[in-house]
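These are my notebook entries on a structure that is new to me. I record what I looked up, entry by entry.

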Amino acid sequence: MTKREEILRIFPDNMKRTWEQALGWADKLQEIRLGVGQPVRLHYSGEERFLSGRGVLCTGLQEAWYLTEREMDEIVRNICRYSLYAFENEIRQGFLTVPGGHRIGMAGQVVLNEDGNIRNITHIRFLNIRISHEVIGAATEAMAYLYEKGRFLNTLLVSPPGCGKTTLLRDIVRQVSEGNPYGEGRQVGVVDERSEIAGSFMGIPQNRVGIRTDVLDGCPKAQGMMLLMRSMAPAVVAVDEIGSAEDMKALFGVLQCGSSVAATMHGNSMEDVARRIGAGQREGNVIAGTPEMCFERYLFLEKEQGVCQIREILNREGAQVHRGRLWKN
């Protein structure tokens, strides 16, 4: 099934004709924003376009399609196969993943339990359809810097949002799992809390994450790291967007068990990394030493003129291992 066909399946049959023309550039489509009483918006390679009711892309609001409450309900029911109850657990988390690994964020009226935790989201009135894009080979040029004598080095990918951290991490996972010129294939465990790395649907990864990769989908990172260590014995554990004290405590637990880690974090400098890891150390009361002891490679990513790239690679002491573009998306 093509990416275009996967996206069309999100919408009910009576809307498919409207979407067909807009999805002619599905490979460049990044996300679709829908809201009741709001214009339908599509983002292509960082540029925003509106969709008219005739299925024509436009830059102004004059012809834009403003989604009605009935139309939103039809889309939500179609996504949930006309059984919202069956997807209640996913909706409670604020998102669900559909075939192809595309992730649909949801917002609406939140219903709380007596303990204050979210029980459900009803009257869903806003959707953010994030289109899954794999870049096979994204990590190829960087892999030489992530190994030492055949051992995968503890690696942290750092960048502001939208610079390709998860895309790069996914391909690192794939190459570590399947083997590459710098190391043989290793067992990898992925804790995919928000279903963004593997893009699992009904527990099955929709993205290529390697033949030796086990995926724990929809599980909080801190709990998932320890669960994988006990149950699946991974040589490498991969997680997205670490930062809390609980995350850091679990991560140190993985390291103390002898496994390697590959992770991402929001930030732009070693100072940002030291501040966040240091806070996790202090709050979690976990391991002595400086933040630089945690990881052996730091990959800093940036986006320049709409292109994601690796800005530089540093070692655990903060010394530059490589500078300059190694990857572009």
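How many bridges join strand E6 to E7, and do they run parallel or antiparallel? I found that nine bridges join E6 (residues 102-112) to E7, and the two run antiparallel. I note that the model is predicted, that local features need pLDDT of at least 70 and side-chain atom pairs pLDDT 80 or more, and that totals for chains, interfaces and linings use all residues. Residues are numbered from 1 along each chain as its sequence is written, and side-chain values use heavy atoms, without hydrogens and water.

Entry on the sheet. I take helices (H or I, at least four residues) and strands (E, at least two) as DSSP runs numbered from the N terminus, and strands as paired if DSSP finds at least two bridges between them. Met106 has Leu127 as its bridge partner in E7. In the hairpin of E6 and E7, five residues lie between the strands, and Gly116 takes a positive phi near 90°. On E1, I found five bridges to E7 (residues 118-130), in the antiparallel sense. Glu31 has Arg130 as its bridge partner in E7, and Ile32 has Ile129.

I then traced the whole open sheet: seven strands in the order E4-E3-E2-E1-E7-E6-E5, with antiparallel pairing. Strands E4 (57-58) and E5 (95-98) are the edges, each pairing on one side only. Helix H3 (residues 69-79) packs on this sheet and touches E1, E5, E6 and E7; contact means heavy atoms within 4.5 Å. The direction of H3 makes about 95° with that of E7, where axes are lines fitted to C-alpha atoms, for helices over the stretch in contact, and angles run from 0 to 180 degrees between N-to-C directions.

Entry on the largest pocket. A pocket is an open set of points on a 1 Å grid over the protein atoms alone, where a 1.4 Å probe fits, with protein on both sides within 12 Å along at least five of seven lines; lining residues have an atom within 4 Å of a point. The largest pocket holds about 1,000 Å³ of space, a volume being the space filled by probe spheres set on the points. Of its 31 lining residues, Gln30, Arg130, Ile131, Gly162 and Thr167 are the closest to its centre. Strand E1 (29-35) and helix H5 (165-178) each supply at least two lining residues, and H5 gives the most, with four.

Entry on the end of H6. Just after helix H6, I found Ala233 with a positive phi of about 50°.
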